Amino acid sequence: VQFESQKMGYKDDVEFLIRPDASGEGGEVRVRSASRQGQKDSGVNAKRLNGIAEQLAKLDGWSAPLLTNARFPEYVRLNSDENFGQSSPRLMNPREKSMF
């Protein structure tokens with residue numbers, strides 16, 4: 001899935017890996033969100049993943065931990081967003097371009 005920022009046109013990729021367990025009754029979904037340009041993303045990708053996790057956690061049988069300062073301090077440090085993980089996740093802005 002590709003996201004594009006409205007102001008600057010930066011492109012981010014979101015990938016999903018679905019791994020069913022042997023019984024077919026469960027499994028896991030791994031999600032990755034990464035910027036195509038540069039080293040920093042100001043926490044945008046983590047906020048996007050937290051939005052996805054929040055929606056999945058509402059579904060019966062799903063658990064989806066949030067990305068927080070405590071769990072990923074290096075990511076937060078590199079992106080220098082002191083408020084990262086301190087507020088609830090945001091849902092994607094309807095004006096944000098997406099193929100999702």
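Among contacts in the chain (heavy atoms within 4.5 Å) between residues at least 6 apart in sequence, 43% join residues at least 24 apart. The model is a predicted one, in which local features need pLDDT of at least 70 and side-chain atom pairs count only at pLDDT 80 or more, while totals for chains, interfaces and linings use all residues. Residues are numbered from 1 along each chain as its sequence is written, and side-chain values use heavy atoms, with hydrogens and water left out.

**Overall make-up**

- The chain has 2 helices and 4 strands, where helices (H or I, at least four residues) and strands (E, at least two) are DSSP runs numbered from the N terminus.
- Read from the N terminus on, these elements follow the order β-β-β-α-α-β.
- Of the 100 residues in the chain, 23% are buried, a class that means under 20% relative accessible area, with exposed meaning over 50% and partly exposed in between (1.4 Å probe, protein chains only).
- The chain exposes about 7400 Å², of which carbon and sulfur atoms supply 53%; accessible areas come from the Shrake-Rupley method with a 1.4 Å probe, and for residues only the protein chains shown count as cover.

**Strand pairing and hairpins**

- Strand 1 (residues 2–4) pairs with strand 2 (residues 11–20) in the antiparallel sense over 3 bridges, two strands being paired if DSSP finds at least two bridges between them.
- Within this pairing, E4 stands opposite K11 in strand 2, and the two strands form a hairpin with 6 residues between them, where G9 in the turn has a positive phi of about 75°.
- Strand 2 is also joined to strand 3 (residues 27–35), by 9 bridges, and these two run antiparallel.
- The hairpin of strand 2 and strand 3 has 6 residues between the strands, and in this hairpin G24 takes a positive phi near 80°.
- Looking across to strand 3, L17 has R30 as its bridge partner, while R19 has E28.

**R19 in strand 2**

- R19 is found in strand 2 and is partly exposed, with a relative accessible area of 41%.
- Not counting residues up to four places away in sequence, R19 touches G27, E28 and R30; the C-alpha atoms of R19 and R30, which are 11 residues apart along the chain, are separated by 8.0 Å.

**The largest pocket**

- About 710 Å³ of space lies in the largest pocket, a volume being the space filled by probe spheres set on grid points that are joined across faces, edges and corners.
- On a 1 Å grid over the protein atoms alone, a pocket is an open set of points where a 1.4 Å probe fits, with protein on both sides within 12 Å along at least five of seven lines, and lining residues have an atom within 4 Å of a point.
- The lining comprises 29 residues, and V29, R30, V31, A53 and P65 are the ones that lie nearest the centre of the pocket.
- Strand 2, strand 3 and helix 1 (44–57) are the elements that give two or more residues to this lining, and strand 3 gives the most, with 8 residues.
- By class, the lining has 17 nonpolar, 7 polar and 5 charged residues, where Ala, Val, Leu, Ile, Met, Phe, Trp, Tyr, Cys and Pro count as nonpolar, Asp, Glu, Lys and Arg as charged, and the others, Gly among them, as polar.

**V31 in strand 3**

- V31 is found in strand 3 and is partly exposed, with a relative accessible area of 28%.
- V31 touches V14, E15, F16 and L49, not counting residues up to four places away in sequence; V31 and L49 are 18 residues apart in sequence and 7.5 Å apart in space, C-alpha to C-alpha.
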